[in-house]
Amino acid sequence: MRAQILQRLASGEVLIADGATGTMLQAAGLPTGTPGEAWILERPEEIMRLHRAYVEAGSQIILTTTFGGTRARLKAAGLDVQAGEINRRAAELARQVAGDPSTGSGQGEVYVAGDIGPTGDMMVPLGPLTYEAAVELFAEQAQALAAGGVDCIYIETMSDLNEAKAAVEGVRQRCDLPVFCTFSFDAHGRTSMGVSPAQAARTMVALEVPAIGANCGHAPEEVLDILPQMREAAPDAYLIAKPNAGVPRMVKRQVVYDATPERMAELARRYVEMGACIVGVCCGSSPADIAAIAAALRIG
Amino acid sequence: MANERLFEEMTKAVIAGLPDKARELANEALHAGIDPLAAIEQGFKPGMDVVGEGFARGELFIPDLMMSSKAMQEAIAVLEPEMMKRKQHLQTLGKVVIGTVQGDIHEIGKTLVATMLAANGFEVHDLGVDVSPQQFVNAVREVNADVVGLSALLTTTMLNQEAVILTLKEAGLRDQLKVIIGGVPASPEWAKEIGADAYAENATEAVEVVKGLVQA
């Protein structure tokens, strides 16, 4: 029987998460404008291939490809009626790659994190989404992910503190899995909605969310400023760093994220020195970044 | 003197983002017979300027900007009938057609720019998200736009900013208007490469840049 993910973190281990999903699926042929979630039912082999590439590169936590998997967000592509099936199936696909939790997979243990992203709607009074409606959207998604066999729920790229709270509350309504929550601090060191790292950390601690951190955001160097602020506000939390692989630039009609795998590996080592115990990469990354990080953290 | 105190309160209500208070102050101005145009330009509008500057400096954030513009809009809605009666018009700096390009459903940044432009005296036609090049062209023709604003938040959709510019060229409309682009992956270099006239980093900067474009 393998250790639960929180026990692994409690033992002081650093776990390596995965890298980008959307840009990788697009590289595999997902048309622009089609959400990656569409491939969960249509092209499950591509989803599994992506998970496998990250596991082979060294990921110990793989995130389900359900970032846009709330019913609200799937609606734009007309996939909302299949929301439950999409989330459950995504969890099953990741689970299949990660291995059977009752035995542990052969090559080290890989955990499946059920990924939940923002609904895409603004909350009252700025937008139409009520707190109760948000809770229900997240509850539905968490229930389906849990049914598919995830090890934890991983809420990410949050910018509105109320939406993050609604997500945590929704998840807890339908499952008793550990809940992680990370925010995107992309506006002068705060989220676009003005939430500071300390505010985010304090709020999540009050909700007894064990693992918190920063993902996406702006430049990955900014996480070096964010982690100490979160650590100060939440001395006992497990910290997560999963930034973008630099800032995107268009060079000769090709999108280039300016941080190389070597640079991401160097930054990963510094995140760990600052107390991060889950490290991964967000937009613009590939298994090459994860492989470089895995090599650096294992040697270091 | 009383007017000045009221104007000050109006400015404060916009800065604090209080739509109810703004509406109340607008009504107070009407009852006192204050020129509605003066109430907007000397009372409410300076509040938007302060908020815009704070946003650009990273001291204020999206909720602040949205609540302040809501306060501004509420005030204008109250004052508009009286302005019509007096045959007054808010000064229109130009007509802007704005939207998020095809394949991209990111709304917030585009809406903030639209809101700030409207608050600063532009006639704004917001086409929403996932807007095709042809929809942009149609809207430009229909309203005789001076400026087109193209938002793209994804590295995969920013190529569609160029597609709009090419379609405007094919339609023979490119020379009669200015194009500004924005969005996380966009940059001044990208604007130059695809033949846009300008780029703006945020909603506050967009107002200044678009003002410059219509004066040029």
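Which hand does the crossing of H5(B) and H9(B) have, left or right? The legends below take up that helix pair and then move on to the rest of this predicted model.

**View 1. Two helices of chain B packed against each other.** Here we're looking at helix H5 (residues 108-119) and helix H9 (residues 203-215), both from chain B, with their axes 9 Å apart. The angle between the two is about 50°, and H5(B) and H9(B) are therefore oblique to each other. As for the opening question, the crossing of H5(B) and H9(B) is right-handed.

**View 2**

View 3. Chain B splits into domain 1, covering 2-85, and domain 2, covering 94-215. Taken over C-alpha atoms, the centres of these two domains of chain B are 27 Å apart. Where they touch, 9 residues of domain 1 of chain B are in contact with 10 residues of domain 2 of chain B. On the domain 1 side, the elements that give two or more residues are helix H3 (36-57) and helix H4 (62-85) of chain B. H3(B) supplies the largest share of that side, with 5 residues. By class, the domain 1 side comes to 6 nonpolar, 2 polar and 1 charged residues.

**View 4. Chain B where it touches chain A.** Now for the contact between chains: 14 residues of chain B are in contact with 15 residues of chain A. Which helix gives the most to the chain B side? That's H4(B), with 3 residues. The chain B side has 8 nonpolar and 6 polar residues, and no charged ones.

**View 5. Chain B from end to end.** Stepping back, chain B has 9 helices and 5 strands. Starting at the N terminus, the elements of chain B run α-α-α-α-β-α-β-α-β-α-β-α-β-α. With a radius of gyration of 18 Å, close to the 17 Å that the globule rule gives for 216 residues, chain B is as compact as a globular protein of that length. Its C-alpha trace spans about 55 × 35 × 30 Å along the principal axes.

**View 6. A cis peptide bond in a loop of chain A.** Over in chain A, the bond joining Val124(A) and Pro125(A) is a cis peptide bond, with omega at about 10°. Pro125(A) sits in the loop between strand E3 (111-116) and helix H7 (131-147) of chain A. For background, most peptide bonds are trans.

**View 7. A positive phi in another loop of chain A.** Glu208(A) isn't a glycine, yet it has a positive phi of about 60°. Look for Glu208(A) in the loop between helix H9 (197-206) and strand E6 (211-216) of chain A. Most residues other than glycine have a negative phi.

View 8. Chain A contains 12 helices and 10 strands. The radius of gyration of chain A is 17 Å, close to the 19 Å that the globule rule gives for 300 residues, so chain A is as compact as a globular protein of that length. Taken along the principal axes, the C-alpha atoms of chain A fill a box of roughly 50 × 45 × 40 Å.

Notes. Residues numbered from 1 in each chain as written. Chains lettered and ligands numbered in written order. Predicted model: local features only at pLDDT ≥ 70, side-chain atom pairs only at ≥ 80, totals over all residues. Axes fitted to C-alpha atoms, helices over the stretch in contact; angles between N-to-C directions. Helix = DSSP H or I, 4+ residues; strand = E, 2+ residues; numbered from the N terminus. Parallel < 35°, antiparallel > 145°, perpendicular 65-115°, else oblique. Left-handed = near helix turned anticlockwise from the far one by under 90°. Domains from an automatic or database assignment. Contact = placed C-beta atoms within 7 Å. Nonpolar A, V, L, I, M, F, W, Y, C, P; charged D, E, K, R; others polar. Rg over C-alpha atoms; globule rule 2.2 N^0.38 Å.
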